Amino acid sequence: MWRKASAAALLALAVGYFYHGSPDLPEQILQYIGLPNFQPSSQSQNSLEQVISSAWETLIVLPTRQWSKVAVGVNACVDVVVSGVGLLQAMAVDPGAGLDHEVLHSKEDLKEAFIHYMERGAAAERFFSDHEAFQRIARAAAEYPGAKLYVGGNAALIGQKLATYPDLMVLLCGPVGPKLHEMLDEQIVVPPDSLQETDEFHLILEYKAGEQWGSTQAPQANRFIFSHDVSNGEMSSLETFVASLDEFEPDLVVLSGLHMMEGQGRELWEERLKEAVLAISDISHDIPIHLELASMTDKDYMNSIMQEQFMPIVNSIGLNEQELLFLSQAGEGPHSHLDAWKGIPDVGRVSDILLWILEQHGRSEPSSEADLTRIHFHTLAYHILATVDGYWGNQAAAVMAGARVASSQACGLQSVDAGKVELKAPLEFHSSHAEPREKLLLNPAEPVTVWRRGNVTFHLTVVLVCKQPLRTVGLGDAISAEGLVYSEIKTQQPF
């Protein structure tokens, strides 16, 4: 009998050990071995994804003071979305080695750049310099089976997302052709001077997680974007945009499209940046400005935006992990020695770069003349909102709202389906990559972790990543738009 008792005790200890390591041990096994009254916790009965999704619905609330009018500019186009591998195969392009190109000049450059980013699972956008070659590729894309047309351009996509809020008036300035005008939400106001006779087309080559071409396999779903877009490339609608603000009287301005100028050459972008800064400087200081960044490769161009030109005169920026690391590389900031992120970007490293941006180029000290006080960072697995204390409110709800829309929109749904998403972010991380640093935890039932470094507060939430994403284009724009809707600018004195 004592042997049976000993065996039962050992079995109970073993089950206890495995249950602790894996709380969702199948209930029928516990019943089979006859352990009485051993019920899993309520959190293990529901998946972590369900707990987080339910918490979002409870905790995401609009601020007391909401925007009534938002002006958005200045890049807009029609996106032609196709399978990247399928289109390149249809064009009789053979797979090979990847190689990044700052500007695409040929079909071969396109193939190499596409493979370079596909094997990293990273998003990128490039200018295609040859107009005739681009038109041939565009025709092949439009005729490819399953090709779809969508509203494109960061400004237009942000405008579309904002227009889903019926009490919000949205002004969109950009090169709006007849097809794009037809596709825009009827709530969006387009000034007559922004209308043009032809549309600008951008080609979006998408790939799925695990998709293979030759020896290249995509670690995650993403897309490669390219165009021969002179109107957006020269930000030709910027002056129209600024001139429209006096009559529209917005309480928030959202600006995007700077990345499009990079492919136009140094002489053009140097002069155009100066003109753009003068134009933006005419906007009333009482109106906050959000700048949405996008993929760039020219460090001199990024430095011009960061140090001398745009960054000091905007209040908020939105960017992803590639853009954040490139910004640090251009300015020789923290972790700039990294060639690229490996897997999920380390929270401590991201936190270091965000703090550096706000300290070096923002208003982290009262004596600073810069206006930048907010950064909305997004990557596949988590988002962070970093804000200088005293300027912004409701940021916990804002960062969760951005994550929620990333989870639902990637799956093509209006709300999050816990069965179609998965948690990929770590629930334990550190406030910095270097000592001294704080070990931080995320509670799935209250899925925002908050920490402070100096005068900067960080809000982090996880993303429930769609297992089978239907469309990745425009997710960053939707994230930033949603984050802005749920943000509130404070009127009291900072610090």
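Guide: The axes of helix 16 (residues 395-410) and helix 17 come within 8 Å and cross at roughly 145°. Axes here are lines fitted to C-alpha atoms, for helices over the stretch in contact, and angles run from 0 to 180 degrees between N-to-C directions. Helices (H or I, at least four residues) and strands (E, at least two) are DSSP runs, numbered from the N terminus. The model is predicted: local features need pLDDT of at least 70, side-chain atom pairs count only at pLDDT 80 or more, and totals for chains, interfaces and linings use all residues. Residues are numbered from 1 along each chain as its sequence is written, and side-chain values use heavy atoms, with hydrogens and water left out.

The crossing of helix 16 and helix 17 is right-handed. A crossing is right-handed if the near helix is turned clockwise from the far one by less than a right angle, and left-handed if anticlockwise. On the helix 16 side, the contact (heavy atoms within 4.5 Å) uses Ala398, Ala401, Gly402, Val405, Ala406, Gln409 and Ala410. Helix 17 answers with Leu475, Ala478, Ile479, Glu482 and Gly483. By class, the residues of this contact divide into eight nonpolar, three polar and one charged. Ala, Val, Leu, Ile, Met, Phe, Trp, Tyr, Cys and Pro count as nonpolar, Asp, Glu, Lys and Arg as charged, and the others, Gly among them, as polar. An α-helix has 3.6 residues a turn, so residues three or four places apart point the same way.

Helix 17 (residues 475-485) is mostly covered. Eleven of its eleven residues are buried, where buried means under 20% relative accessible area, exposed over 50%, and partly exposed in between (1.4 Å probe, protein chains only). Asp477 and Glu482 are among these buried residues.

Leu484 of helix 17 is buried too. Leucine 252 sits in strand 12 (residues 252-256). Leucine 252 counts as buried because its relative accessible area is 1%. Leucine 252 and isoleucine 289 are 37 residues apart in sequence, yet 6.2 Å apart in space, C-alpha to C-alpha.

Glutamate 249 lies in the loop between helix 11 (238-248) and strand 12. Glutamate 249 has a positive phi of about 55° although it is not a glycine. At 57% relative accessibility, glutamate 249 counts as exposed.

Strand 1 (69-73) is worth a look as well. The loop between strand 1 and strand 2 holds valine 74. A cis peptide bond joins glycine 73 and valine 74, with omega about 10°. Strand 2 (residues 77-83) contains valine 80. Valine 80 is buried, at 4% relative accessibility. Its partners, not counting residues up to four places away in sequence, include Ala141, Leu149, Phe201 and Ile204. Valine 80 and isoleucine 204 are 124 residues apart in sequence and 5.9 Å apart in space, C-alpha to C-alpha.

Now for polar pairs. Threonine 457, in strand 22 (residues 456-462), is buried at 10% relative accessibility. The side chains of threonine 457 and aspartate 389 form a polar contact of 2.6 Å. Such a contact is a pair of N or O atoms within 3.5 Å; within protein, one must be able to donate a hydrogen and the other to accept it, and residues adjacent in sequence count only if both atoms are side-chain atoms. Arginine 126, in strand 4 (residues 124-128), is buried at 3% relative accessibility. Its side chain makes polar contacts with the side chains of aspartate 100 (3.3 Å) and serine 295 (3.2 Å).

Step back to the chain. The secondary structure comes to 17 helices and 24 strands. Buried residues make up 56% of the 495 residues. Among contacts between residues at least 6 apart in sequence, 72% join residues at least 24 apart.
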